[in-house]
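Reader: I am new to reading protein models. Could you walk me through one, feature by feature?

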Number of protein chains: 2
Amino acid sequence: MSLTTAQEALEIILKTSEDFGTEDVKFLKSLGRTLKEDIVADRDFPPFDRVSMDGIAFSSEAFNSGQRSFKIEGVQAAGSEQLTMQNPANCIEAMTGAILPKNTNAVIQYELLTIENGIATINLELVKNLQNVHLKGLDRKQGAVLISENTLISPAEIGVLATVGKTTVKVAKQPKVMIISTGNELVGVCDTPEEHQIRRSNVYTLVSLLEKLNIQAETAHIIDDKSLLLTKINSFLNDFDVLLFSGAVSKGKFDFIPDVLKELGVQKLFHRVKQRPGKPFWFGKKGNKTIFAFPGNPVSTFASCLKYFYPWYYKSMGLNSENKNEAILTEDYFFKPDLTYFLQVKITRKEGEILATPISGRGSADLVNLVDSDAFLELPDDRRNFTKGEVFPLITYR
Amino acid sequence: MSLTTAQEALEIILKTSEDFGTEDVKFLKSLGRTLKEDIVADRDFPPFDRVSMDGIAFSSEAFNSGQRSFKIEGVQAAGSEQLTMQNPANCIEAMTGAILPKNTNAVIQYELLTIENGIATINLELVKNLQNVHLKGLDRKQGAVLISENTLISPAEIGVLATVGKTTVKVAKQPKVMIISTGNELVGVCDTPEEHQIRRSNVYTLVSLLEKLNIQAETAHIIDDKSLLLTKINSFLNDFDVLLFSGAVSKGKFDFIPDVLKELGVQKLFHRVKQRPGKPFWFGKKGNKTIFAFPGNPVSTFASCLKYFYPWYYKSMGLNSENKNEAILTEDYFFKPDLTYFLQVKITRKEGEILATPISGRGSADLVNLVDSDAFLELPDDRRNFTKGEVFPLITYR
């Protein structure tokens, strides 16, 4: 049986990215969303010749003609209309952020002045024209693009949106995601499981992983009953853009998901990937609906979401995710099967290097092991020996 | 005038961290919060001898005595009570996640079987005792600490909380934070500024930076009127744990904040730090209230929040933030003043290294420049020449 390689699987998935359109949101709610318009300077930056030190504004020509003491004619506060200096031999006290008074062209800070009886004396031998003046339009010109479309909005972008008065901003719409667990062994988090039962956890892990992308996903649990699965999944296919399954995609007698999806007209794009964990991963499309059916083991679900759903989401949003993470293996490692191996690692950062130390796992069912590690190091499927100091792709989750 | 060094300033700030107590939250709402209790295994992990492959369960003794074909006696589904194999020469089909049937001690997957007429034949010469059985308690024993107090809760921890049935979880309470802008030059984001005015942006940048820490801060604007500042700030000191100011801490005629805070009984711990940007930074305490008064230039406010408020917050939560970031400078850089310099850089990750490339800034008022960079590289104050390949502390914000 030929398995899809992890690389092929990712390529197939990325080809199926979807455009969910745009929506307008309040700028303060746009943190973590993808910008879908260019943000343009509504005026020059700075919008006026701006005083950049607290001190006095005066004429540098007067200074250069030998004058050192200047009578204070007034105060130019930040937020006040521009004053005009009446006498070119005088000065005006001017504050950081204020507009430069008319007939002045240099500012010297208080630290370099002596002020007595309304006269400011400059304790300097050299003053430059436009010293401590931040000229209108020096940073950006009106109409310049300040933030490009398809930028992920961080606090820095929020500040720029506020500055240009973009109270609402156009961002990429999020996909509507339904996360579905199956399996009769699962009981609720509030329940006390019988000996042969365990609590549902994968759906909540997935909810949290999607919350990190600002997606508010819904969740459902369906018992291993084929007709019930058919009805419910059919309805979810109508109401959601993306279905994420956890479990029931392997070879068990109650692993109905692949059959059910087929009956519902979902096109299988691959089933089973040459990887550990997550080999039974099933992926398909029905029109513009996208179905990720991850294996049910906790570590499989977790790693698969990061490795496959995240990049699909970034591509769908229009974000570039080219700046890929890599890390340096800190010890020799041996992995025999011909599978891409998502090795659980602890990350340390030292001297500008990202170091990945293997955490001895107890298999894909050991959810707790994820707590002790920070990331997966992706070891390729064509080798068995991985040497200390080698660099491999890194998938972080903290 | 002797300035506080950036390192001294941080040390002083960290000494004033506060314990805000704990609160119980729903486990799904605990993402990004700091855990304030040990999370303990409520049962063994796995809680039973767990089948880890879909296939048949049988007696390895029977196999080792030469038997290869086993009559299928029943099906052990995941989530069903434990079956008992009646005849030691038979087998039971058993699914991943199921409890291992009584009187069996090995599982072989379907891929290695031939099943015909209710008889499963194992196509193997060797079977190990407990093959494909995940033994009860192998991963963790009941009572073991799965997640330690003071862990930052990520999706991995959410999964574990669900598994052990922690529907509510004890986390560190967040500080109540008020973010205050001053300055008569500032108008609202919805407003159209006059020539000499600009829109408020720093408070929103700070709101977003705090949102990344899951803190929902409030905001206020106070005009440059000393009596108004006294009244309002006094009331904020009563109602909030932390005040973050942006502006009015320098030497301007309307920089009332240091005086006002003094009059209100706030103890100044330092004023002015040997750094660029952010030199006029003022920091103080009144009882258990903490006051960060950042300079008003956008880049100063931004860098200071990351450099000083973030570590103070982590320390207050009880989190270890010892895994410090560093990056490698990609080109020679010269910076003359005797100040710690927060150089704006673009980060690239390559071959396991974190590389920092300087972005030519236009000064601390150029908010837009933050959009083009990802981080600040912290260059020490005792040197002027910084060489390509050298490693410095890194403060990232994306």
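Author: Gladly, and we start with two terms. Buried means under 20% relative accessible area, exposed over 50%, and partly exposed in between (1.4 Å probe, protein chains only). Helices (H or I, at least four residues) and strands (E, at least two) are DSSP runs, numbered from the N terminus. This is a predicted model, in which local features need pLDDT of at least 70, side-chain atom pairs count only at pLDDT 80 or more, and totals for chains, interfaces and linings use all residues. Residues are numbered from 1 along each chain as its sequence is written, chains are lettered from A and ligands numbered from 1 in the order in which they are written, and side-chain values use heavy atoms, with hydrogens and water left out.

Reader: How many of the ten residues of helix α4 of chain B are buried?

Author: Nine of the ten residues in α4 (202-211) of chain B are buried, so the helix is mostly covered. Among them are B:Tyr204, B:Leu206 and B:Leu210. Contact means heavy atoms within 4.5 Å. The buried residues of α4(B) pack against α3 (155-163) of chain A, and also against elements of chain B, including β13 (177-182) and α7 (298-317).

Reader: How do I describe two helices that meet, such as α4(A) and α3(B)?

Author: Use their axes, which are lines fitted to C-alpha atoms, for helices over the stretch in contact; angles run from 0 to 180 degrees between N-to-C directions. Angles under 35 degrees count as roughly parallel, over 145 as roughly antiparallel, 65 to 115 as roughly perpendicular and the rest as oblique. The axes of α4(A) and α3(B) come within 8 Å and cross at roughly 155°, so these helices are roughly antiparallel to each other. At this crossing, A:Tyr204, A:Thr205, A:Ser208 and A:Leu209 meet B:Pro155, B:Ile158, B:Gly159 and B:Ala162.

Reader: How are the two chains related?

Author: Two copies of a chain are related by a rotation about an axis and a shift along it. Copies are superposed by least squares on the C-alpha atoms of residues with pLDDT of at least 70 in both. Here chain B can be laid on chain A with an RMSD of 0.1 Å by a turn of 180° and a shift of 0.0 Å along the axis. The copies are thus related as by a two-fold rotation axis. Of chain B's residues, B:Glu353 comes closest to that axis, with its C-alpha at 2.2 Å.

Reader: Which side chain does B:Asp366 reach with a polar contact?

Author: A polar contact is a pair of N or O atoms within 3.5 Å; within protein, one must be able to donate a hydrogen and the other to accept it, and residues adjacent in sequence count only if both atoms are side-chain atoms. The side chain of B:Asp366 makes one with the side chain of A:Arg140, at 3.3 Å. B:Asp366 is buried, at 1% relative accessibility. Within chain A, the side chains of A:Glu37 and A:Lys166 are joined by a polar contact of 3.1 Å.
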